[in-house]
Amino acid sequence: MGSAGRFTISVAALPASLTTANAGIMTASRYLFAISRDQLLPRLFNRVETRSKTPWIAVLATGVLVLVAMFVHLEILVWAIRDSYLFPDGSQGYCVQAWRRMRPGWSEVTAVAGLTGPSSRSAWGAGRRLAGRRPSRVCGGLRKWHPGRNWTMGCCRAAEVRQNSVSGRTVLP
Amino acid sequence: MQLAKDLGLIHIFSLAAGAMISSGLFILPGLAHARAGPAVVLSYFLAGLLAMRGLLSIIELTTAMPKTGADHFYISRAMGPAMGTVAGVLSWFSLSPKSAFALVGAAVLLLVTILYTLMITVTSGVLGAEQLDKRQPSWDRPDGSPSASPPCRLL
């Protein structure tokens with residue numbers, strides 16, 4: 001491509017990298033905010049600025065971590081990014097299965113796609129029937145020994161998560 | 001106090017597209033093509049299938065529970081607050097270095113490529129184009145000395 005092509009690609013890639021950094025800081029700070037809202041981190045991170053309504057202390061803390069991470073060797077950084085996301089990613093898959101088993105047809109998107117519900121005739125439903133009752137049994141075990149048992153799914157079903165009988169939409173507190 | 005929740009479809013789309021389009025689109029396909037050759041299309045298809053699995057999970061959870069702190073919220077409600085906190089902190093710890101990675105990439109792009117090209121352009125304006133043709137950028141040298149352009153190795 002030559003020098004002109006390299007210049008063009010670089011000019012296109014520069015704002016792309018900047019928006020990635022922006023979105024990363026925006027989303028990462030909300031994790032701190034949410035953990036603090038559930039009273040599992042100091043209440044400091046739950047502070048919301050009055051005018052713009054943004055969690056500015058969480059954003060600031062995320063910015064400090066970003067600044068520190070910029071001076072780490074890049075291969076270590078990539079390794080840390082990849083490996084630390086394995087647990088949340090796997091747990092999300094577990095959550096989908098567990099929530100589906102708890103309340104079939106709870107999500108409108110997959111209900112439309114025909115993926116959920118015990119009456120589903122798709123291969124997905126057959127696979128779920130083959131899988132047996134294991135997720136709920138695991139959930140029951142967790143509920144039994146876990147100290148914060150009013151957080152877990154059994155009580156979500158009772159108190160927190162209701163389903164609107166008219167629209168079928170899941171209602172959250 | 002509640003957060004301001006006024007992002008619409010176009011805002012979320014712009015945010016997600018801006019977050020995804022970065023070094024993964026501009027740099028990594030070249031590296032993958034250098035190793036896999038034309039089969040890079042197949043490898044991207046397989047990687048897309050793997051990514052689709054996570055995407056479907058996220059879609060289902062997010063449309064049903066649009067709450068702040070995605071992973072932490074779902075996992076703490078399904079597996080208990082301990083697991084939820086671990087997942088939330090790990091997600092925070094994996095998203096913030098991604099910003100740092102993008103910022104380092106932007107700095108390298110700005111310094112190495114754009115400033116270098118501008119410098120060449122200005123120099124060619126001063127010296128004349130016949131001087132420029134004899135020059136070669138350090139990364140295009142036939143002997144391929146890697147120490148000539150250390151910042152390029154970052155990419």
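Start by colouring chain B of this predicted model by pLDDT, the predictor's confidence in each residue from 0 to 100: confidence is lowest in helix α7 (residues 129-134), at a mean of 52, and highest in helix α1 (residues 9-20), at 88. Helices here are DSSP runs (H or I, at least four residues), and strands are runs of E of at least two residues, numbered from the N terminus. Next select residues 146-155 of chain B, where the pLDDT is below 50, although this stretch has 16 contacts in the model beyond near neighbours in sequence; two residues are in contact if their C-beta atoms, placed from the backbone, lie within 7 Å. Where pLDDT is low, the predicted coordinates should not be read in detail.

Local features need pLDDT of at least 70, and side-chain atom pairs count only at pLDDT 80 or more, whereas totals for chains, interfaces and linings use all residues. Residues are numbered from 1 along each chain as its sequence is written, and chains are lettered from A and ligands numbered from 1 in the order in which they are written.

Now select helix α3 of chain B (residues 28-36), in which the count of buried residues is 0 among 9; a residue is buried if 20 or more other C-beta atoms lie within 10 Å of its own. Just after α3(B), click on B:Gly37, which takes a positive phi of about 75°.

Finally, show both chains, where 65 residues of chain A are in contact with 62 residues of chain B. On the side of chain A that touches chain B, the largest share, 25 residues, comes from α1(A).

Definitions and conventions: Buried ≥ 20, exposed ≤ 12 C-beta atoms within 10 Å, placed from the backbone.
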